[in-house]
Amino acid sequence: MSWVMVGLDWLGAGVIALGVGFFVAGTLGLLRFDQSINRLHALTKADTLGLGLVVFGLVLQAPGLAVGLKLIIVWTLGLVSAALVSHLIGQSLCSQRQEEP
Amino acid sequence: MLDAILTLLILALAWHCVRTTDLFEAIVVFIALGMLVALAWTRLQAPDAALAEAAIGAGLAGALLLASLRQMPEMSATRAPGAKTTGLGWFWWGLWGALGLALVSGVAAIQTTSVSLMPQVQAHLSDSGVTHPVTAVLLNFRALDTALELAVLLWAWMAQKQLFVPGRQTVYPLQGQVLKTAVKALLPLMVLVAVYLLWRGSSAPGGAFQSGAVLASAWLMLWLAQLPGLSRKQGGMRLGIQAGWLGGVTVFLLVGLLGVFQGAGFMGYPPDQAGAWILLIESAAALSIGLLLASMVLVSMPDFQEGTL
């Protein structure tokens, strides 16, 4: 294994650790914030940045181009579904708020 | 280490799910429990069971429970803090405790005699028409069990259909184009994944139940986005849906009967045709499972209107 590969492996591990940090922070926010909309904010940060960094780290360590591309497709789908779900939750919160006087 | 943590978490969540008096909490814990059990299946190197558990056990069953909860009147058994366990309570404790002990001793007895059927499965794998041992067992060696599973699902749906009561309107209408556009974009992908899972079942983890669960969620998303999905108001579509409900079991039984005439016995196939028959059965079963699961969840949605299905 050349030193470039070793370097990429370590860089990937570092990026994954950073992503895990975002997940921990987001989960903490989800548990500690009192309002649903704040919780949503924390959750989307964790989802977007955390998942993005973890996938980026895994791509750096990926054994081949095909695996890397698959990981990126998984990340894209995760992004789309996260955006969709948080949009729906936000909308539901809005309509509940409008109904209250 | 990881397995020990997982086992402890599963036990703790199961205990909490039974213990809690808040129904909503119990359902959320049940869904989390399903995800952890799926992880446990993965650790046991049973990805087929893990996929089915995550999609059906945690996903669709969770949606069904949540939807049913919204239709139920507010009720929550509250237990006074200092209440003493009554005589009847002790009776139940004793009964279930004894049953639990019997179960534990039974499981302990199994572990001493480990019998693996894997050599037998591997020996006959070439006759089964598929290369994945799990699919070979489910769709060939023990096909009758799988057919009966499908029949149970159909039966459950028929029973639920009879119990249908038009629900109260409690869901807030969702405005905007975001959901509609996203569903339109994602739907072809979901169908592709469903077909892929079905096709993959012959050589790797996957198959009719996993594929059906993906189809069911695709249909539910169509309905949630209020897109013109499958409506029973049109005559042809209505017949199609009814045929879909019954299709899986019917095709399974017909192919099974064909085996009798070909001399392979009920639910048996000649080895050279087995692959094709299994694919046919799995396709029909996946469609049926998708329709049945989606129908079950749809009917229990609060603002479901009769005639949509």
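Leaving aside neighbours within four places in sequence, B:Leu65 is in contact with B:Ile27 and B:Phe30, where contact denotes heavy atoms within 4.5 Å. The structure is a predicted model, in which local features need pLDDT of at least 70, side-chain atom pairs count only at pLDDT 80 or more, and totals for chains, interfaces and linings use all residues. Residues are numbered from 1 along each chain as its sequence is written, chains are lettered from A and ligands numbered from 1 in the order in which they are written, and side-chain values use heavy atoms, with hydrogens and water left out.

B:Leu65 itself lies in helix α3 of chain B, helices (H or I, at least four residues) and strands (E, at least two) being DSSP runs numbered from the N terminus. With a relative accessible area of 36%, B:Leu65 is partly exposed; buried means under 20% relative accessible area, exposed over 50%, and partly exposed in between, for a 1.4 Å probe and protein chains only. B:Leu65 and B:Leu23 are separated by 42 residues in sequence, while their C-alpha atoms are 9.7 Å apart in space.

Helix α3 of chain B, residues 47-71, has 25 residues and reaches 35 Å from its first C-alpha to its last, close to the 36 Å expected at 1.5 Å a residue, the expected span being 1.5 Å times one less than the number of residues. A kink of about 35 degrees in α3(B) is centred on B:Glu53, the bend at a residue being the angle between axes fitted to the seven residues ending there and the seven starting there. The buried residues of α3(B) include B:Asp48, B:Gly57, B:Leu60 and B:Ala67, and the buried residues of this helix pack against α2 (23-43), α6, α9 and α11 of chain B.

Helix α2(B) has 21 residues and reaches 30 Å between its first and last C-alpha, close to the 30 Å expected at 1.5 Å a residue. Among the residues buried in α2(B) are B:Ile27, B:Val29, B:Leu33 and B:Leu36, and the buried residues of α2(B) pack against α1 (2-19) and α3 of chain B. The loop between α2 and α3 of chain B holds B:Gln45, which has a positive phi of about 60 degrees although it is not a glycine. Most residues other than glycine have a negative phi. B:Gln45 is exposed, with a relative accessible area of 70%.

The largest nonpolar core has 45 residues, and those with the most contacts inside it are B:Leu60, B:Trp245, B:Phe252, B:Tyr269 and B:Ile289; a nonpolar core is a set of buried Ala, Val, Leu, Ile, Met, Phe, Trp, Tyr and Cys residues joined through side-chain atoms within 4.5 Å. At least two residues of this core are supplied by each of α6 (133-141), α7 (143-162), α8 (178-200), α9 (208-224), α10 (235-261) and α11 (274-299) of chain B, and the largest share, 14 residues, comes from α11(B). Not counting residues up to four places away in sequence, B:Ile289 touches B:Leu150, B:Leu153, B:Ala208, B:Phe209 and B:Gly212.

In α6(B) the buried residues are B:Thr135, B:Ala136, B:Leu139 and B:Asn140. These residues cover an arc of only 100 degrees around the axis, which puts them on the same side of α6(B), the arc being that of the directions from the helix axis to the C-beta atoms. An α-helix has 3.6 residues a turn, so residues three or four places apart point the same way.

Over the whole of chain B there are 11 helices and zero strands, and buried residues make up 34% of its 309 residues. Among contacts in chain B between residues at least 6 apart in sequence, 71% join residues at least 24 apart. Chain B exposes about 18300 Å², of which carbon and sulfur atoms supply 72%, accessible areas coming from the Shrake-Rupley method with a 1.4 Å probe, and only the protein chains shown counting as cover for residues.

Chain A has three helices and zero strands, and 24% of its 101 residues are buried. Helix α3 of chain A, residues 65-99, contains A:Val85, which is partly exposed at a relative accessible area of 46%. A:Val85 and A:Thr44 are 41 residues apart in sequence and 9.8 Å apart in space, C-alpha to C-alpha.
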